[in-house]
Amino acid sequence: MKGFWNSKSIIRITLSFIFLFISQFSDVLAAPTRHLCRPEQKDALLAFKNEFEIGKPSPDCKSYGIESHRKTESWGNNSDCCNWEGVTCNAKSGEVIELDLRCSCLYGQFHSNSSIRNLGFLTTLDLSFNDFKGQITSLIENLSHLTFLDLSSNRFSGQILNSIGGLSNLTTLNLFSNIFSGQIPSSIGNLSNLTTLYLSNNNFSGQIPSFIGNLSQLTFLGLFSNNFVGEIPSSFGNLNQLTCLDVSYNKLSGNFPNVLLNLTGLIEVSLSHNKFTGTLPPNITSLSNLMDFDASDNAFTGTFPSFLFTIPSLTYIRLNGNQLKGTLEFGNISSPSNLYELDIGSNNFIGPIPSSISKLVKLFRLDLSHLNTQGPVDFSIFSHLKSLLDLNISHLNTTTRIDLNYFLSYFKRLRSLDLSGNLVSATNKSSVSSDPPSQLIQLHLSGCGITDFPEILRTQHELVFLDISNNKIKGQVPGWLWTLPNLFYVNLSNNTFIGFQRPKKPEPSMEYLLGSNNNFTGMIPSFICELRSLETLDLSDNNFSGSIPRCMGNLKSSLSHLNLRQNNLSGGLPKHIFEILRSLDVGHNQLVGKLPRSLRFFSTLEVLNVESNRINDTFPFWLTSLPKLQVLVLRSNAFHGPIHEASFLKLRIIDISHNHFNGTLPSDYFVKWSAMSSLGTDEDRSNANYMGSGYYQDSMVLMNKGVESELIRILTIYTALDFSGNKFEGEIPKSIGLLKDLHVLNLSNNAFTGHIPSSMGNLTALESLDVSQNKLYGEIPQEIGNLSFLSCMNFSHNQLAGLVPGGQQFLTQPCSSFEDNLGLFGSTLEEDCRDIHTPASHQQYKTPETEEEDEEVISWIAAAIGFIPGIVLGLTIGYILVFYKPEWFIKTFGRNNCRRRSTTTTH
């Protein structure tokens, strides 16, 4: 009975608890699962997702070791946004406080009404490593709680608005690697909590603003790769917490910024690639925590600053590319030294390599290039540096020959070696050690006097980069070279190779093959078509014959630069085999036929050079569809017919000289040639690069200032127009004056008539002008005398008259620039060019207008004579005088007329 009662009690109590639970939580059980995320936050995130597309991963992600992931693909309307990838919410309120979308493959335009402005509780926003573009607008004013903002590695552009100063809680602002321009807004000086400011790799300009010195909490300041000028502000002395300062790759000037010497917490200082001058101060040793000091590629002077070795923490010293001089004196080096890197190459040091360098046993990188040793060198001094990974001792000006095999036996860890410009022996016999040599990744042996291909390379299976150019290597390129599995770049140019051994199975890793200026003969080897990753192929200046191999179609998805100029190639240009070419140069061969119309589909093409072949075609006006075409050279072929109106928006160099083009050019012909019309700023000129890639740059030959000049590298701001040696007629288009950025203009050896357009006076960048051997008449426009850069001009062999413009440019020209223009005169011509321009010359010359007037005068004289002896005799004499104009008669009766004209014109 007792047990029964206990059971009933337990059941009753249990039921009571269940009833109580149900009554208390019935609303929870009756409703669906409650999400932490607030609805308006979810809506804002979904709207933000729909503003952008999902594309390919940014290549920078892999470079920085970040895994790319399409995070927004997982965002759905039926799930809690606080559980979405990249989203973090406040655990209590459900507000979105962190949004991490770095490396999320997003791309598109960032608009001013972006829904991200509705996420007003964000403290962290990371949109880095995507492909966003547009401007940072005032929408960020709504994100006033932000402490971390990272927009790096995108394509944001324009100026940063002052409204960014409203983000007063920011501790980190990272705008690295975008396209921002203009000056840094002053409101950034109000962000007093900033510890990290990263504005590098943009287009900011002007001076570094002094208000940055107000950011006293800064520990990291990155301003490198911009266009900053002037000196480092003195206010930087307030940045007492600063540990890292990088202002490299700007245009900063002045002496070493002594204000930095007070910032004793500095660990890293980079001033490289600027215009700093003067000497390095000895009291830099006050920076007792300094580990990394980079002052390379400036104009610092003085002797080697050995006092740097007394900073015990210093592990990296980079002083290469300055104007330091004197002998190398390292002073007392602690043993063992903690130095890992010492770059002092490309200065003006002379004398021997200090023996104390052997104490730097922890070095993994050493650059002594261009040290003028002026005598023998004991290369065994490097045998103590067992930790070396990278050694550059190129151009030492020593007579000591380096045995490559022996030298490599010193090192077990060496990965990069540059011996260029020294005497190197690369004997193929085994040297001193049976141990396997270092497995090099890079080997530079340019200009080393080598005569045989180094057999030691056969065992270098990790080799990526090989430069053996500018030697005397003869024979054939060995077939085993192409079987090295990692070979990426090979430069064989400027040797005496005669052919290629056929490899058994070439590895596909090769991207750059440079073999110009050798003695290669026969057909282009077909194994090149098996190098499926090939991006650049330069076989110019050889004796290859036959046609361009059709198997090169195998390379259509990789080949970007193809240079086959100066060979004996025949046949026509192949069709449909190159899809992503950026540069095609087949000049100076024997190619025939027409330009393939498939070229108009090469949307990446920037350079097309087919000069000095036998191509017979009309003007390729259809090339105007190429959006990136900048250089077009058709010189010395059999092109013919009129050149129809064309709009080349990006074209900067065009040479169609020495063909058979004819017809007239409309007055507005050059209206749409935009790239030659806009004058670049001084900033554009100072930032000018060369056409090509990092490992290869385009070249061409151009008539400039009357001389055939080879442009080994083509500046991206260089402009030229050469229409010479054709059969153009009519007037020179007045729209030529729109090409304000033109440097070279050659219209010579045509049949142009009429006046030289005065609009040429607008060509303010013009350096060379040639309009010789035409049928131009009238005066040389006085406006041309104001072109301050014009240093070479040729007006000869025309029918020009009148006063030659003044100006220093005209005073320095040779007489031949004006010859055979008998009506030209001026103080310079009469004083210095009397053989060509005497006063009699002025009187004898007739323009078409003056000839008509002279004929009218002569007709009246003849009529007067006719009345005296008789009408018949008078008309006969008149006929003779009008149509034959005997010289004796013109001199006698026409002299006063010419003298009067000369006097009038002079005034």
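Leaving aside its neighbours within four places in sequence, with which residues is Pro-525 in contact?

Tutor: The model is a predicted one, and what follows describes it as such. Once its neighbours within four places in sequence are set aside, Pro-525 is in contact with Phe-500 and Phe-544. Pro-525 itself is found in the loop between β36 (521-522) and β37 (536-538). Its relative accessibility is 16%, so Pro-525 counts as buried. A further relation across the sequence concerns Arg-502: it and Pro-525 are 23 residues apart in sequence, while their C-alpha atoms are 8.2 Å apart in space.

Phe-500 and Phe-520, by contrast, form a stacked pair, with 4.4 Å centre to centre and 15° between the planes. This pair links distant parts of the chain, 20 residues apart: Phe-500 is in strand β34, and Phe-520 is in the loop between β35 (512-514) and β36. Both Phe-500 and Phe-520 are buried. Elsewhere, ring pairs link Phe-619, Phe-639, Phe-648, Phe-661, Tyr-669, Phe-670, Trp-673, Phe-723, Phe-728 and Phe-752 into a cluster.

The nonpolar interior comes next. In soluble globular proteins, nonpolar side chains tend to be buried together. Here the largest nonpolar core has 221 residues, and those with the most contacts inside it are Phe-293, Phe-382, Phe-407, Trp-673, Phe-723 and Met-760. Two or more residues of this core come from each of α2 (39-50), β2, β3, β4, α4 (404-408) and β34 (496-500). The largest share, four residues, is given by α2. Phe-723 is in contact, beyond its neighbours within four places in sequence, with residues including Ile-643, Ile-654, Leu-665, Phe-670, Trp-673, Phe-728 and Leu-747. Another core, of seven residues, lies apart from the largest one, and Val-607, Val-633, Tyr-718 and Ala-720 are among its members.

Several of the strands named above also take part in sheet pairing. Strand β2 (residues 87-89) and strand β3 (residues 96-100) pair in the antiparallel sense over three bridges, with Val-87 opposite Leu-99. The two strands form a hairpin with six residues between them, and Gly-94 in the turn has a positive phi of about 80°. β3 also pairs in the parallel sense with strand β5 (residues 124-126), over three bridges; there, Glu-98 has Thr-124 as its bridge partner.

β4 belongs to an open sheet of 10 strands with mixed pairing, ordered β1-β4-β6-β8-β10-β12-β14-β16-β18-β20. Its edge strands are β1 (53-54) and β20 (299-300), each of which pairs on one side only. Within this sheet, strand β4 (residues 106-110) and β6 pair in the parallel sense over four bridges, and Tyr-107 stands opposite Asp-131. β6 is joined to strand β8 (residues 155-158) by three bridges, again running parallel, with Gly-134 opposite Phe-156. In a regular strand the side chains alternate between the two faces of the sheet. Strand β6 (residues 131-135) has Phe-132 and Gly-134 on its covered face, and Asp-131, Lys-133 and Gln-135 on the uncovered one. Further along the order, two bridges join strand β10 (residues 179-182) to strand β12 (residues 203-207) in parallel, and Gly-182 has Phe-204 as its bridge partner.

For the protein as a whole, there are 12 helices and 57 strands, and buried residues make up 52% of the 907 residues. The mean pLDDT is 84, and 82% of the residues reach 70 or more. Over residues 1-11, however, pLDDT is below 50, and this stretch has one contact beyond near neighbours in sequence. Residues 681-687 also stay under 50, yet the model has 13 contacts for them beyond four places in sequence.

Technical notes:
Residues numbered from 1 in each chain as written. Heavy atoms only, no water. Pairing = 2+ DSSP bridges. Buried < 20%, exposed > 50% of the residue type's maximum accessible area, 1.4 Å probe, protein only. pLDDT = per-residue confidence, 0-100. Contact = heavy atoms within 4.5 Å. Core = buried A, V, L, I, M, F, W, Y, C linked by side-chain atoms within 4.5 Å. Phe/Tyr/Trp six-rings, centres within 6.5 Å; stacked < 30°, edge-to-face > 60°.
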